[in-house]
Amino acid sequence: MASNNNAGGKWEVVKKGKKNSSGGSGGKNTSDKKPGGGGRKALGESNQGSRAPIVMSETLYDGFEKMAKKQNKEQVPPPAESENKKPPSSKPPKKPHSSSTASPPVHKTLEEAFKTLDVADLKQQLARSQTLFPENPSVWVKDLAGYLNLNLTAPETEPTLSSYAHDYPYCLSGKELKGVIKGLIGRCSDVLPDFFDHCVYTMLREMDRQSGEPLHGYRVCIQAILQDKPRIATQNLPEYLELLRSVQNRPVKCLTIMWALGRAGFYDLSQGLRVWLGIMLPVLGVKALSSYAIAYLERLLLLHANLTKGFGIMGPKEFFPLLDFAFMPKNALSSSLQEQLRRLYPRLKALAFGAKPESTLHTYLPSFLSRATPHCPDEMKRELLSSMTECLCVDVQSLGVWRQLYTKHLPQSSLLLNHLLKSWKSLPPKLRKNLEETVQSFKVTNEEMKDAVESQQLQECNSLCQNLQIKMRGRGFPWSKLLMVLLVFVAGFIAHDVRSRGSFAGSTTAVYLHSSGVTAVSQQALSKAKLYSTQGFSWLETNMPHYYSECARVLGPLLEQGLEKSKTAAIIISENTTQFILWVKEKTPQAIEWVNTNTPDSVFQVLAYLKELLLSLHHNYILPALAYLSELLQRAWANLQESCNGEVSVSCLQGHALSFTNTTWQLLQHTTTAIKTWAQDLLTQA
């Protein structure tokens, strides 16, 4: 009994000790009030807790679901009585399921879907979303995208929409719908980057589903975002490139990513180039993606005729892979795509060289020079040589870069020297002058390398440098000038001979021509020319009517058809010209207003200063110069009147002209006589 009592006491003490150790003073009070039954009750509660895992897991799932919804900012707040009810997860999941069951009908075309879209209902849904989540704009824009994608139900086309306009399908939305979309996007500018990522990633997730629901709503939102803020597309290009490579075996997903990011280029050329260089150039060799990448680049460059906004985006690192793709044979591109890229190459080259090529082209010369090997394709070789010549002409620093690379690139330098030698006459004088020092340094280098290296390329470079130095020092014999001098001398001699003898028949020239037989041959050639011309005219008189009738019979209907088509074309051109003139009249005031609104005040100040400068030049220089010229003319007229005895007449002017002619002729005669005497003296001495 005692032992039992002691044992009972011990159990009771141990129980109290556990209670005290776990619960503190609060546990002690409860044990004092309920010494026995309280302990069993607590044990019973603990047993009940172990028997209720289902309720516990449900509550945790609900909590995690709420946390996930809170992170996505898409949850609906629970009502006020939800605290007194059982887990609220039973009712809210049923609401979206019930709303999603009533799906709108599928339209045949996207145009019909836009026409049937209820803009008033959209406004109501957005207002409700803004009321429920007044400080969560990400929910507003996501509700907009979800509503549009749910109601714009039309068959999905190919992911790039290449056969449509660049702003399709956003261009199909009406004025009211565009106003709603732009208004909401304008109020949610802080969350637009996340919203753009949400649209892209949601489109990619929807493609994994077998249902294949259309994605027009997300496309519209992407275009609306990038139309106002195209820079959003280029904020996370490395992440999108990584995503693109991760789904490279899914061409539809890749093309969707390229389409979404590429929309920025149609509103900003610089952002479009960044997207193309950062996303599409790395996958240009992929067969399924190359066609769209080059087509997008062509469309981008055709849309933006003014390339100045794209300067500074492309450098040597991005330019030379394009050069290799365009000109190197047997690369990853097909021949048609390579030809298409080659047509775009001049504009890409202008973008790469930028606004100040005189200070940047020397950075391109090393890569040009390293590619200009003797075995490279002819078309690529021509392009490389012309580009290197342009670098040397425009950027003076290119000559210094070439001197540094000369010893390591002897074959390439030989090609460039040979090209400069062949095109020496077409080179600008500035480059000819600057090449003197460079060629001289090359020659010194060749002499130094002769002892150490003896190769065919070195010999070729040495001979080319010598030939270039000959071109620089001597410009060649002036044969044209000598021929001109001889012709003038012969003409003057014959004129003096005829004038001194009185006629051509009695002149020394005629006697010499007659004695040498030239006169007889000339008369015979003249008679034959007269005979053949007479025969030709008689043949034309005989056969011309027949051939004219045949031509009229054969070509008459064709000419009539051509005339009718020309009239039709003239009418079409006239109508289009009229519409263009009306468009210009309509848009010119708007353009002037836009210029006045967006032009900085500094430009108007510069124009005002320029106007003052022109007025100053007009008053201080132009008017005095005109007055001085008028005074000179008056003096000349007064001198002419004095020489004509106060009256300027035709006979007086003839006398002045005759005296001037006689003076000139006497000078020419004396000069000719002196030359003739000098020539005779030389002949007698010989």
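Start by selecting K349, which counts as buried at 12% relative accessibility (buried means under 20% relative accessible area, exposed over 50%, and partly exposed in between, with a 1.4 Å probe and protein chains only). Before you go on, note that this is a predicted model, where local features need pLDDT of at least 70 and side-chain atom pairs count only at pLDDT 80 or more, while totals for chains, interfaces and linings use all residues. Residues are numbered from 1 along each chain as its sequence is written, and side-chain values use heavy atoms, with hydrogens and water left out.

Helices here are DSSP runs of H or I with at least four residues, numbered from the N terminus.

Select R250 and D208. Their side chains form a salt bridge of 3.4 Å, N to O. R250 lies in the loop between α12 (237-246) and α13 (251-262), and D208 in the loop between α10 (192-207) and α11 (216-228), so the pair ties together parts that are 42 residues apart in sequence. R250 is partly exposed at 36% relative accessibility, and D208 is partly exposed at 48%.

Next, pick R635 and E631, a salt bridge whose closest N and O atoms are 2.7 Å apart. These two are four residues apart in helix α27 (residues 601-643), a separation of about one helical turn. R635 is partly exposed, with a relative accessible area of 48%, and E631 is partly exposed too, at 36%. While you are looking at salt bridges, show D208, R250 and K253 together: bridges that share partners join them into one network.

Time for the cysteines. How many disulfides does the structure hold? There is one, and it joins C644 to C652, with 1.7 Å from S to S (a disulfide is a pair of cysteine sulfur atoms within 2.5 Å). The link is left-handed, with -75° about the S-S bond. C644 is buried at 8%, and C652 is buried at 15%.

C461 is in no disulfide either, as the nearest cysteine sulfur, in C465, is 6.4 Å away. C461 is buried, at 0% relative accessibility.

Move on to W402. It is among the residues with the most contacts inside the largest nonpolar core, together with L148, F196, W276 and F368. That core has 132 residues (a nonpolar core is a set of buried Ala, Val, Leu, Ile, Met, Phe, Trp, Tyr and Cys residues joined through side-chain atoms within 4.5 Å). Not counting residues up to four places away in sequence, W402 touches residues including L365, L392, S413, T438 and F442 (contact means heavy atoms within 4.5 Å).

Finish at T508, in helix α25 (residues 508-516). T508 is partly exposed at 40% and, leaving aside residues up to four places away in sequence, touches D497 and R501.

Conventions: A salt bridge is a side-chain nitrogen of Lys or Arg within 4 Å of a carboxyl oxygen of Asp or Glu.
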